[in-house]
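Here is my note on the model, as numbered points. Please read it with the structure open.

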Amino acid sequence: MKLEVSSEKHLVYVEAIRNEMEDSAKKRGTGIAKRSSEYLSRKISEGNSIIAIDENGTWAGFCYIETWTNGEYVANSGLIVSPQFRNLGLATQIKERIFQLSREKYPKAKIFGLTTGLAVMKINSNLGYKPVIYSELTQDEQFWNGCKNCVNYDILMMKERKNCLCTAMLFVPDNLNKEKKKNFESINNNNG
């Protein structure tokens with residue numbers, strides 16, 4: 001399985017990705033915001049997504065990057081794995097690679113995600129994300145407009161964008177440095 005940073009050569013997979021996102025949302029009955037073919041094509045062409053492809057050239061998985069508030073916030077969104085490649089650990093690999101790409105492109109950005117899936121929460125937690133309240137996310141109107149296509153949008157608005165059915169998770173680069181420093185000090189104190 002190859003995980004590749006997307007480019008125009010991957011545009012052939014757009015419709016398969018879009019269809020699987022829509023089908024998966026219907027089957028799970030969860031709130032996945034719909035994305036147009038044009039939107040996904042832009043993410044792929046800009047090199048702002050990761051695509052997993054098997055040895056036969058079959059699309060296997062996908063996730064993309066979106067930036068908000070002038071690059072202060074980055075979302076890793078649209079994680080989807082084709083059904084025949086599920087339960088093989090591919091989602092974890094894709095999330096790790098999109099996280100790495102986000103850190104390379106936007107090293108100072110806070111990285112966040114919204115999810116209803118326990119598996120994604122666990123992956124995010126392993127990457128250093130922490131559950132947060134919605135007010136800690138970007139307040140960029142464009143981000144919240146993206147929720148309009150979600151089946152749970154009415155709930156979000158009824159709760160004045162303070163919470164919804166999704167769990168918000170946030171990675172803050174400064175927190176990582178603080179934890180490393182804390183662990184380093186703990187090791188030195190135990191060895192001294």
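1. Start with Phe 99. Its relative accessible area is 11%, so Phe 99 is buried; buried means under 20% relative accessible area, exposed over 50% and partly exposed in between, with a 1.4 Å probe and protein chains only. Phe 171 is also buried, at 2%.

2. A word on the basis. This is a predicted model, in which local features need pLDDT of at least 70 and side-chain atom pairs count only at pLDDT 80 or more, while totals for chains, interfaces and linings use all residues. Residues are numbered from 1 along each chain as its sequence is written, and side-chain values use heavy atoms, with hydrogens and water left out.

3. Phe 99 and Phe 171 form an edge-to-face pair, because their ring centres are 4.9 Å apart and their planes stand at 85 degrees. Rings of Phe, Tyr and Trp (its six-membered ring) pair if their centres lie within 6.5 Å; planes under 30 degrees apart count as stacked, over 60 as edge-to-face and the rest as tilted. The partners are 72 residues apart: Phe 99 sits in helix α3 and Phe 171 in strand β7. Helices (H or I, at least four residues) and strands (E, at least two) are DSSP runs, numbered from the N terminus.

4. How many aromatic pairs does the whole structure hold? The search finds eight. Another of them joins Tyr 73 and Phe 112, with centres 6.1 Å apart and planes at 80 degrees, so this pair is edge-to-face. Tyr 73 is in strand β4 (residues 73–81) and Phe 112 in strand β5, 39 residues apart. Tyr 73 is buried at 9% relative accessibility, and Phe 112 at 1%. Trp 68, Tyr 73, Phe 112 and Phe 143 make up one aromatic cluster.

5. Next, helix α4 (residues 118–127). Ile 123, Asn 124 and Leu 127 are buried there. An α-helix has 3.6 residues a turn, so residues three or four places apart point the same way. The buried residues of α4 pack against α3 (90–105) and β7 (167–171). On the other side, Leu 118, Lys 122 and Asn 126 are exposed. Gly 128 follows α4, with a positive phi near 105 degrees.

6. Thr 115 belongs to strand β5 (residues 110–115) and is buried, at 10%. Its side chain reaches the backbone nitrogen of Gly 117 at 2.9 Å. Leaving aside neighbours within four places in sequence, Thr 115 is in contact (heavy atoms within 4.5 Å) with Val 120, Met 121, Cys 166 and Thr 167.

7. Now the cysteines. Which distance defines a disulfide? The two cysteine sulfur atoms must lie within 2.5 Å. By this rule the count is zero. Cys 164 is in no disulfide; the nearest cysteine sulfur, that of Cys 166, is 5.8 Å away. Cys 63, in strand β3 (residues 59–68), is buried at 0%. Not counting residues up to four places away in sequence, its contacts include Ser 49, Asn 76, Ile 94 and Ile 98.

8. Last, Ser 24. This residue lies in helix α1 (residues 14–28). Is Ser 24 buried or exposed? Ser 24 counts as buried, at 4% relative accessibility. Beyond four places in sequence, Ser 24 touches Ile 80 and Arg 86.

Notes:
Polar contact = N/O pair within 3.5 Å; in protein donor to acceptor, adjacent residues only side chain to side chain.
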